Amino acid sequence: MSHTPRTRTVLSCTVLVAALGAGLSACGGEARGNSLTARPYDAAAHVTFNTAGAERVDPDKPLEVTAKDKDSRITDVTATDGLGRQVAGALSADGTRWHSTGPLAAAADYTVRVATENRDGAPGLKTLRFHTADAGKNRLKVTFGPKAGTYGVGQPITAELSAPVKDKAARAVVERSLKVHSSEDVEGAWYWVDSKELHYRPRTYWPAHSKVDVSANLNGVKVTDTLRGADAKPLSLTFGDRVEALVDSGSHHMTVRKNGKEIKTLPVTTGKPGFSTRNGIKVILGKESFVRMRSGSVGIAAGSSDSYDLPVYWATRVTWSGEYVHAAPWSVGSQGSANTSHGCVGMSTGNAHWFFDTVREGDIVRVINSEGEEMAPFGNGFGDWNLSWAKWGEGSAVTGSGRNTAPGGVEQARLRPQL
């Protein structure tokens with residue numbers, strides 16, 4: 001945008017003022033006694049508050065400010081609590097009344113600034129401070145996850161609620177109070193898995209080496225008629241390199257990429273017919289250098305041809321029901337050529353050790369070309385990335401229905417392996 005016109009205006013004014021003398025202003029006209037820079041008068045005699053005189057204000061009642069006479073009108077009102085949260089409000093067209101349209105927080109200190117104007121145009125100001133009453137013991141607590149640390153770029157953020165929230169409007173109140181600040185510019189959203197759990201993820205994976213701070217401005221906020229928010233401990237996370245493992249059950253190989261560059265391809269075996277590995281994107285849940293896997297933990301009858309009791313090393317977990325990427329020295333002859341496992345991704349001991357040392361919690365394992373079912377978005381680990389961004393948006397109470405609309409809902413996890 002060109003600034004030339006503004007420069008010309010200033011120059012012409014300067015010349016004209018110099019010519020006319022100090023007594024007149026050709027650009028501004030005759031000077032007014034009540035300029036915008038005039039010190040505001042005390043408007044205490046011109047406005048009233050419905051909270052005036054109360055030691056503890058009821059947070060469930062709206063805040064009202066009213067002009068007392070026709071000699072002045074309200075021009076602006078701001079009501080802010082000690083955390084910097086502003087209360088939404090509406091001002092009448094004639095400037096005689098302002099009232100809050102958003103809820104007040106319980107057990108909070110508020111500062112209300114009312115700007116007025118008299119019939120001569122002079123500005124006035126009145127400031128009121130008050131404290132809202134406590135909400136009692138029925139408080140909604142929020143616990144963020146995972147624990148603070150460094151994760152892979154596929155790690156979702158979770159918010160666990162201490163009480164169920166079912167109404168969409170109440171969910172929107174909770175959701176709007178949950179803040180996610182990233183060091184990199186990302187588009188993200190919350191998804192209501194159920195009435196007590198929310199997940200947050202970006203449109204695509206987190207940027208490598210980004211940092212995220214998660215917090216809640218829910219303390220004292222009215223969620224329902226019987227429930228108000230409590231204070232929440234904030235969370236800080238760091239994301240590492242973008243590490244992705246692509247398991248192709250059709251070619252029996254796994255390709256590992258780091259920040260988009262292929263670093264290794266390994267021969268593997270995946271689930272055989274009847275035990276096919278789930279297709280889709282999975283997030284690494286944890287790593288265990290040794291696991292004792294017993295078939296009875298996943299419903300396989302003892303003594304049957306498929307029963308097993310095996311010591312397993314370098315096990316990287318991807319579902320709660322028992323899918324791992326792990327060492328399988330007993331199937332080395334099939335790795336790279338056939339699928340013979342009971343659902344896990346098996347590889348040589350050396351390759352499994354390398355994979356174990358290369359990945360971290362939150363990294364991505366994607367399975368394609370398997371005869372297995374699709375990985376459920378929720379309930380058996382983090383399958384969040386298997387939902388399209390449009391479907392993810394439907395799970396937000398702010399932009400969508402605030403309901404779990406994922407196909408199949410929440411997967412009921414199978415029994416975990418006995419350790």
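Which residue's side chain meets that of R242 in a salt bridge? The partner is E244, with 2.9 Å from N to O; a salt bridge here is a side-chain nitrogen of Lys or Arg within 4 Å of a carboxyl oxygen of Asp or Glu. The model is predicted, with local features requiring pLDDT of at least 70 and side-chain atom pairs counted only at pLDDT 80 or more, whereas totals for chains, interfaces and linings use all residues. Residues are numbered from 1 along each chain as its sequence is written, and side-chain values use heavy atoms, with hydrogens and water left out.

**Salt bridges**

- The whole structure contains 16 salt bridges according to the search.
- In the E244 and R242 pair, E244 is partly exposed at 22% relative accessibility, and R242 is likewise partly exposed at 31%. Buried means under 20% relative accessible area, exposed over 50%, and partly exposed in between (1.4 Å probe, protein chains only).
- R278 forms a salt bridge with E373, and the closest N and O atoms are 3.6 Å apart. R278 lies in the loop between β22 (261–267) and β23 (280–283), and E373 in the loop between β28 (364–368) and α4 (389–394), so this pair ties together parts that are 95 residues apart in sequence. Helices (H or I, at least four residues) and strands (E, at least two) are DSSP runs, numbered from the N terminus.
- R278 is buried, with a relative accessible area of 1%, while E373 is partly exposed at 44% relative accessibility.
- K282 and E323 meet through their side chains in a salt bridge of 2.5 Å, N to O. Because K282 lies in strand β23 and E323 in the loop between β25 (309–317) and β26 (324–327), the pair ties together parts that are 41 residues apart in sequence.
- Both K282 and E323 are buried.
- A network of salt bridges links D60, K222, D225 and R228.

**The cavity**

- One cavity of 30 Å³ or more is present in the structure. On a 1 Å grid over the protein atoms alone, a cavity is a set of points where a 1.4 Å probe fits but cannot get out, a pocket is an open set with protein on both sides within 12 Å along at least five of seven lines, and lining residues have an atom within 4 Å of a point.
- The largest cavity holds about 40 Å³ of space; grid points are joined across faces, edges and corners, and a volume is the space filled by probe spheres set on the points.
- Its lining includes K282 and E323, along with residues such as T277, Y324, C344 and V367.
- Strands β26 and β28 each contribute at least two residues to the lining of the largest cavity.
- The lining of the largest cavity comprises seven nonpolar, two polar and two charged residues. Ala, Val, Leu, Ile, Met, Phe, Trp, Tyr, Cys and Pro count as nonpolar, Asp, Glu, Lys and Arg as charged, and the others, Gly among them, as polar.

**Strand β6 and its partners**

- Strand β3 (residues 64–67) pairs with β6 in the antiparallel sense over three bridges, and V65 stands opposite W98. Two strands pair if DSSP finds at least two bridges between them.
- Strand β5 (residues 89–91) also runs antiparallel to β6, joined by three bridges, with A90 opposite H99.
- The hairpin of β5 and β6 has five residues between the strands, and G95 there takes a positive phi near 75°.

**The four-stranded sheet**

- Four strands form an open sheet in the order β11-β19-β16-β13, with mixed pairing. Its edge strands are β11 (149–151) and β13 (178–182), each pairing on one side only.
- Strands β16 (residues 211–216) and β19 (residues 235–239) pair in the antiparallel sense over four bridges, and K211 in this pairing stands opposite T238 in β19.

**The second largest pocket**

- The second largest pocket has a volume of about 330 Å³. Of its 16 lining residues, R85, Q86, P103, N217 and V221 are the closest to its centre.
- Helix α2 (residues 168–177) gives the most to this lining, with four residues.
- By class, the lining of the second largest pocket has eight nonpolar, four polar and four charged residues.
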